[in-house]
Amino acid sequence: MNRFQREAVDKMQEFLILHYLEDITINDVLRVSNYSPFHAQRLFAEATGYGVGEYLRKLRLTRSAERLKNGESDVTDQAFESGYESVEGFIRAFRKEFGTSAGEYKRSPSPICYFIPYRLKYRDSRLKEEKKMAETRNIFVTRITKPKRKVMIKRGVKGEEYWDYSMEVGCDVWGILKSITPEPVCMWLPDKYRKPGTSKYVQGVELPFDWNGKVMDGFEVVDMDESEYLMFQGEAFEEENYEEAIKEVERAMEKYDPSLIGARWNEDEPRIQLEPRGERGYIEYKAIKKA
């Protein structure tokens, strides 16, 4: 697939993400690619693993699941808002996608796998433009305390960064975690929290220390100690500049001298990364202890 074909796929993804709640058709999506409908469908499936119609269906069903979980809507409303001609059709599609009924999920939400529409332009270095963000940007540093808590994590094998970890465990992990909480975490685990033959980088959800709910298959719960952290937060950024936003914060962390506040880095507690979201800036936490 050449650059122009990859750009066409990304245009279709962008159109879907921006307009999936509207009354759009598959042909509306294919049209933005500037390829023939047949060729555009083939390119999209090759790049994403889904047909355009399936991709649209997954986006709409995940939105419906979020609204049902939050009590914002009922099953009947979601059926028609999701483009189904009948409630029965929506219910069948919801069960096929998530393995549970829409009504049961609304009454008692359990972890399911939300669909996360990973943009091709963010995954494919051949689509990334060389962009420079403003030369002078602020990094805000806040001292906080994380209490003793539990973290339900999915371990990998060797991954030390996001993409290697995702290749090991699959991208669906984030979708599952997002169905539990709007703010999952990524962590670089120190040795005290690792097991032999498992990855340093993991994804999970932080839970109260007295939590005693069901542990999902393939996940495990780790008790984490109370610790002080410095939260490094960059300025808001355009989504396509997420890599530079991450680098800015990481450079600030590398240069920061915790002895200025009477502390030193605590390598016995995990470094924590939140989902890069442009509207709030990139956020990482790094543990400290008294000097």
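Residues are called buried when their relative accessible area is under 20%, exposed when over 50%, and partly exposed in between (1.4 Å probe, protein chains only). The model examined here is predicted: local features need pLDDT of at least 70 and side-chain atom pairs count only at pLDDT 80 or more, while totals for chains, interfaces and linings use all residues. Residues are numbered from 1 along each chain as its sequence is written, and side-chain values use heavy atoms, with hydrogens and water left out.

The 12 residues of α3 should span 16 Å at 1.5 Å a residue, which agrees with the 16 Å between its end C-alpha atoms; the expected span is 1.5 Å times one less than the number of residues. Within α3, A40, L43, F44, A47 and T48 are buried. These buried residues fall within an arc of 105° seen down the axis, so they line one face of the helix; the arc is taken from the directions from the helix axis to the C-beta atoms. Just after α3, G49 takes a positive phi of about 85°.

F44 also belongs to the largest nonpolar core, a set of 18 residues in which V9, M12, L16, V29 and F44 touch the most other members. Such a core consists of buried Ala, Val, Leu, Ile, Met, Phe, Trp, Tyr and Cys residues joined through side-chain atoms within 4.5 Å. Two or more residues each come from α1 (3-19), α2 (26-31), α3 and α4 (52-69). Apart from this core lies another, of 16 residues, including Y193, V202, L274 and Y285.

Turning to charged residues, the structure holds 26 salt bridges, each a side-chain nitrogen of Lys or Arg within 4 Å of a carboxyl oxygen of Asp or Glu. E279 pairs with R277, with closest N and O atoms 3.0 Å apart; at 26% relative accessibility, R277 counts as partly exposed, whereas E279, at 55%, counts as exposed. E250 and R271 meet in a salt bridge of 3.2 Å, N to O. This pair links distant parts of the chain, with E250 in helix α11 (residues 242-255) and R271 in strand β8 (residues 271-273), 21 residues apart. A network of salt bridges links E54, R57, K58 and E97.

Terms used:
Helix = DSSP H or I, 4+ residues; strand = E, 2+ residues; numbered from the N terminus.
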